[in-house]
Amino acid sequence: MKISCPHCQQNYEVDESYAGQNVQCQNCGNEFSVNASPVVMLPTKKCPMCGEEILAVAKKCKHCGEYLDSNETSAKKPKDFGIYWRLALFFGGLGIHNFYDEKVEPGIVKIIITFGIIIFININPPIGIVLIIVNMSWIISELLTFNEKTQ
């Protein structure tokens, strides 16, 4: 018989001998009771971004957080340039504007460069100054190439 986890809506095919028993969902780990009555199976599909099983009517993937449009492609919401600019101006060295724009890797690299600046400005000032110039140039180039419509 077909069952569906009431917590995560994962669909399963189980033997009828499990009716009335508690089982643990293999997807979310929550325990639920297998009803002998028929369960309405909600149609599902694979997320085009992460490949996980989601409801067919989903507008956003519950696993990767991507917004989906009717063509089953990512429909990322555009980011506001004013917010992006302010974050880059005040917290650019920490890459906060990159995290806002959902670009995690450059944000992490900027954090590492900032710690390098803090370390090298005391140990070897010329290297620290080069790191400051690299980080500032990178932030300025991001501000000049940011495009709200293509995000």
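What share of the 151 residues in the protein is buried? Buried residues make up 25% of them, where buried means under 20% relative accessible area, exposed means over 50% and partly exposed is in between (1.4 Å probe, protein chains only). Before the views, a word on how to read them: this is a predicted model, so local features need pLDDT of at least 70 and side-chain atom pairs count only at pLDDT 80 or more, while totals for chains, interfaces and linings use all residues. Residues are numbered from 1 along each chain as its sequence is written, and side-chain values use heavy atoms, with hydrogens and water left out.

**View 1. The overall layout has 4 helices and 6 strands.** Here helices (H or I, at least four residues) and strands (E, at least two) are DSSP runs, numbered from the N terminus. Reading from that end, the elements go β-β-β-β-β-β-α-α-α-α. Contact means heavy atoms within 4.5 Å. Among contacts in the protein with a separation of 6 or more, 32% are between residues 24 or more positions apart.

**View 2. The largest nonpolar core is made up of 8 residues.** Its members are Ile 3, Cys 5, Cys 8, Tyr 12, Val 23, Cys 25, Phe 32 and Val 34. The term covers a set of buried Ala, Val, Leu, Ile, Met, Phe, Trp, Tyr and Cys residues joined through side-chain atoms within 4.5 Å. Apart from this core lies another, of 5 residues, including Tyr 84, Ile 139, Leu 143 and Phe 146.

**View 3. Phe 81, Tyr 84 and Phe 146 are linked into a cluster by ring pairs.** The structure holds 2 aromatic pairs. Rings of Phe, Tyr and Trp (its six-membered ring) pair if their centres lie within 6.5 Å; planes under 30 degrees apart count as stacked, over 60 as edge-to-face and the rest as tilted. Phe 81 and Phe 146 have ring centres 5.6 Å apart and planes at 35°, so this pair is tilted. Phe 81 sits in helix H1 (residues 81–91) and Phe 146 in the segment after helix H4 (125–145), so the pair links distant parts of the chain, 65 residues apart. Is Phe 146 buried or exposed? Phe 146 is buried, with a relative accessible area of 12%, whereas Phe 81 is partly exposed at 29%. Tyr 84 and Phe 146 form the stacked pair, at 4.1 Å centre to centre with 20° between the planes. Because Tyr 84 lies in helix H1 and Phe 146 in the segment after H4, their pair ties together parts that are 62 residues apart in sequence. Both Tyr 84 and Phe 146 are buried.

**View 4. His 97 is buried in helix H2 (residues 96–100).** Its relative accessibility is 0%. The side chain of His 97 makes a polar contact with the side chain of Glu 142 (2.6 Å). Such a contact is a pair of N or O atoms within 3.5 Å; within protein, one must be able to donate a hydrogen and the other to accept it, and residues adjacent in sequence count only if both atoms are side-chain atoms. Not counting residues up to four places away in sequence, His 97 touches Tyr 84, Leu 87, Ala 88, Gly 92, Lys 110, Ile 139 and Glu 142.

**View 5. Salt bridges also join Glu 53 to Lys 46 and Lys 103 to Asp 101.** The count of salt bridges comes to 3. Between Glu 53 and Lys 46, the closest N and O atoms are 3.6 Å apart. Glu 53 is partly exposed at 27% relative accessibility, and Lys 46 is exposed at 53%. For Lys 103 and Asp 101, the closest N and O atoms are 3.3 Å apart. Lys 103 is partly exposed, at 37%, while Asp 101 is buried, at 3%.

Terms used. A salt bridge is a side-chain nitrogen of Lys or Arg within 4 Å of a carboxyl oxygen of Asp or Glu.
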